[in-house]
Amino acid sequence: MKQINCFIAYSDAVQAKNTAQILLKSKLVKSVFLLATAGINILVEGCECIDIDSINSASTIRKIAEKSDTPYSLVYIKDTTLELGQYALERFFHIADGTKAGLVYSDYYQIANGVRSNLPLIDYQAGSLRDDFNFGSVLFYNTEYLKKAVAETTEDYKHAGLYNLRLKVSQQADLIHINEYLYSEIEQDTRKSGEKLFDYVDPKNRAVQVEMEAACTDHLKKTGGYLAPDFKTIAFNENSFPVEASVIIPIRDRVRTVEDAIQSVLSQKTTFDFNLIIVDNFSTDGTSEIIEKYAKLDSRLIHIKPSRTDLGIGGCWNEGVDCPSCGKFSVQLDSDDIYENENTLQTIVNAFYEQNCAMVIGSYTMTNFKMETIAPGLIDHKEWTPENGRNNALRINGLGAPRAFYTPILRTIKVPNTSYGEDYALGLYFSREYQIGRIYESLYLCRRWDDNSDASLDVVKMNGYNLYKDKIRTIELKARQNLNKK
């Protein structure tokens, strides 16, 4: 009957005692181990202490594997009291045993500020390679796969141990999601979704990202999805274009910001001709009238009103790119942002020729609505390298901005007709065959305000967005694996 060893992150004696007592009541549990920072003396009846440096390190995972002498190992990674649901351990065990999964995880209840709410999770798939995939805090491993994963790990990760474990277990068996609320956990990070969005590119997290990239790259090599730095060359002489570059702005109901965006583009200083294509997706708040005013004053502004009524941001982009007035390079500007200065467009176009790339991605500075810099400030995505950027792109959830494309290739690929993740999908697709150029100086001021699409998402909407990006990665991973087979 003793099928499970439990390993719980230690915070304080009360938390550890409460959680341990809950676990030890089960006839399935053999032992409970407390994972505590070295030097902390713990005395909790029925428990053994394991000195660790961090819950996320490879060293900790090795120690868990060494102590695991039951078929299954439950790892609880939060340092608050765990509340198990009715027969939760039995449910974890029976599903893990029946499916022979490498890891089983479940939906849970989240307690924040004293309020309990549902926290549904999403299914794991091959493209769920981002290191912030939410499995919840209860990780139910098949010990055989866990031990094998540890044996195959050669890197002494300080930060990516848990992430590496998940990847290596997924190479051996399925990761199964139980669509049932089997426990409750206390959530102490109560920031809105838009405030958490850029944690991974915060400079203070650089060391973490380097390790995560190494673990993901190793996984891609093991699973046939890794691409060596070998790219197609571009001559930039396909067809003729009315102008060298077109800035494309999809827009709907942005009366408060559209004028700033228009002025930002029309004030650009370049050695080439350019225009501004605004695809106005049935605005009703006065946005259209402002666009028309500027179109009458400056012939470089082309105001497109689609005939279709089913277009998202990506669909509006296709309207602009397919327009006969579109230039050789299609350059992004969101309707509530502006360029950093009058030289931005010139800098972007120069990068295409200098780096021989089909897509260019710049850097941007986070601001509030008044264009005052806010944390974390500059987002430069310096984790990108020409050698490994397209592999690491499968791990991170975004590639940066502003984005620009060589129009003939973009017209062939097409933009997914969605309003979230379409830019990321393009980055993955382009990087499969072409080098992506990078500019690490700030070119763009990105407003964070209540009308941003990701400012404050509920869990259902966030899950939908994450599921879509995971699916994009799954599709891209399969395409790269097939490319390597050829």
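Which backbone oxygen lies 3.2 Å from a polar atom of the side chain of T418?

The backbone oxygen in question is that of Y420, which lies 3.2 Å from a polar atom of the T418 side chain. The structure is a predicted model in which local features need pLDDT of at least 70 and side-chain atom pairs count only at pLDDT 80 or more, while totals for chains, interfaces and linings use all residues. Residues are numbered from 1 along each chain as its sequence is written, and side-chain values use heavy atoms, with hydrogens and water left out.

T418 is found in the loop between α13 (407-413) and α14 (422-433), where helices are DSSP runs of H or I of at least four residues, numbered from the N terminus. Leaving aside residues up to four places away in sequence, T418 touches G312, I313, G314 and Y468, a contact being heavy atoms within 4.5 Å. The C-alpha atoms of T418 and R256 are separated by 23 Å, and these two residues are 162 residues apart along the chain.

## Helix α10

Helix α10 (residues 313-322) is largely enclosed by the rest of the structure, because seven of its 10 residues are buried; buried means under 20% relative accessible area, with a 1.4 Å probe and protein chains only. The buried residues of α10 are G314, G315, C316, W317, N318, G320 and V321, and G314 is one of the residues that T418 touches.

## Two helix pairs

α14 and helix α15 (residues 459-485) pack at an angle of about 10 degrees, with their axes 10 Å apart, the axes being lines fitted to C-alpha atoms over the stretch in contact and the angles running from 0 to 180 degrees between N-to-C directions. That makes α14 roughly parallel to α15, a term that covers angles under 35 degrees. Y424, A425, L428, Y429, S431 and R432 of α14 meet K469, I472, R473, E476, A479, R480 and L483 of α15.

Helix α5 (residues 161-170) and helix α7 (residues 206-223) also pack at an angle of about 10 degrees, here with axes 9 Å apart, and they are therefore roughly parallel to each other. Their contact is made by Y163, N164, L167, K168 and S170 of α5 together with M212, A215, C216, D218 and H219 of α7.

## The nonpolar core

The largest nonpolar core holds 143 residues, of which F140, Y141, V247, I249, I262, L276 and F352 touch the most other members. Such a core is a set of buried Ala, Val, Leu, Ile, Met, Phe, Trp, Tyr and Cys residues joined through side-chain atoms within 4.5 Å. Residues up to four places away in sequence aside, I249 touches A261, V265, L276, I277, I278, V279, L333, D334 and S335.

Terms used:
Buried means under 20% relative accessible area, exposed over 50%, partly exposed in between (1.4 Å probe, protein chains only). A polar contact is a pair of N or O atoms within 3.5 Å; within protein, one must be able to donate a hydrogen and the other to accept it, and residues adjacent in sequence count only if both atoms are side-chain atoms. Angles under 35 degrees count as roughly parallel, over 145 as roughly antiparallel, 65 to 115 as roughly perpendicular and the rest as oblique.
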